[in-house]
Amino acid sequence: MERKKRYINKALIIFKQEGLRMSLEELAVRMGISKKTLYNHFSSKEKLLNACIKEVFQELHESMLSFNDCSLNPIECFLNTFNKLSLEFRDHSPIFISDLQRLYPESLSNKHTMGYGQFREKIELNLQRGISEGFYRNDIDIQLTSKYLVHSIFGFYFHSIISDSEFSAANYFTTIVRYNMRAIVNDEGRKILTKSLTDES
């Protein structure tokens, strides 16, 4: 199992850099192992790819846990989570995201929908906590705001990648979250947001 996990991680690094169009044989060569060894652990490229997609969403799930870190205030949790996501997505080349969407839309759609649901739940909990602790505006529609944030942040990201527009993922999450946070926080929260952003600079 440990060896299989290593192969998944190696394959994922290559997929993230070069996309998904290479054959299993080409992938094995890049990984420094034989095709037979790879087939011993994965009966097809689809099986390996599904394991890699699962790993990507596990990484996203672990980053999402930062949304509800009790050692930080809700604003710091929000910024910290998206800083982590920014680092993760920086390793995903546009060709990797594009190939996932074009070649395996069904696999991505199922995992992606689950990811959206989890993400919305985490944001809703963060917003509830932020309101109760006096950092966010108390007139926020929590469900609408969480839905808007997830779809605007990720929807724009994936659309920009797939449409081949001139778009750089560098610092995208950090920038867009800072922009949206200004609409959520109240006066007290704005002080913390300003301080957090100043400390990051």
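These exercises, each with a worked solution, walk through a predicted model.

Residues are numbered from 1 along each chain as its sequence is written. Local features need pLDDT of at least 70, side-chain atom pairs count only at pLDDT 80 or more, totals for chains, interfaces and linings use all residues, and side-chain values use heavy atoms, with hydrogens and water left out.

**Exercise 1. The overall build**

Task: State how many helices and strands the protein has, and what share of its residues is buried.

Solution: 
- Step 1. Start with the elements: helices (H or I, at least four residues) and strands (E, at least two) are DSSP runs, numbered from the N terminus.
- Step 2. Count them. The protein has ten helices and zero strands. From the N terminus, the order reads α-α-α-α-α-α-α-α-α-α.
- Step 3. Turn to burial. Buried means under 20% relative accessible area, exposed over 50%, and partly exposed in between (1.4 Å probe, protein chains only). Of the 201 residues, 45% are buried.
- Step 4. Look at contacts, meaning heavy atoms within 4.5 Å. Among contacts with a separation of 6 or more, 69% join residues 24 or more positions apart.

**Exercise 2. The nonpolar core**

Task: Find which residues have the most contacts inside the largest nonpolar core.

Solution: 
- Step 1. Define the core: a set of buried Ala, Val, Leu, Ile, Met, Phe, Trp, Tyr and Cys residues joined through side-chain atoms within 4.5 Å.
- Step 2. Read off the residues. The largest core has 57 residues, and L27, Y136 and M181 have the most contacts inside it.
- Step 3. Ask which helix gives the most. Helix 4 (residues 45–64) does, with nine residues.
- Step 4. Zoom in on Y136. Not counting residues up to four places away in sequence, its partners include P74, F78, L127, I131, M181 and V185.

**Exercise 3. One face of helix 2**

Task: Explain why the buried residues of helix 2 line one face of the helix.

Solution: 
- Step 1. List them. In helix 2 (residues 24–31), the residues L24, L27, A28 and M31 are buried.
- Step 2. View the helix down its axis. The buried residues fall within an arc of 100°, so they line one face. The arc is that of the directions from the helix axis to the C-beta atoms.
- Step 3. Recall the geometry. An α-helix has 3.6 residues a turn, so residues three or four places apart point the same way.
- Step 4. Find the cover. It includes helix 1 (2–18), helix 3 (35–41) and helix 4.
- Step 5. Step past the end. Just after helix 2, G32 takes a positive phi of about 80°.

**Exercise 4. The cysteines**

Task: State how many disulfides the structure holds.

Solution: 
- Step 1. Apply the cut-off: a disulfide is a pair of cysteine sulfur atoms within 2.5 Å.
- Step 2. Count. The structure holds zero disulfides.
- Step 3. Check C70. Its nearest cysteine sulfur, that of C77, is 7.6 Å away.
- Step 4. C70 is exposed, at 73% relative accessible area, whereas C52 is buried, at 2%.
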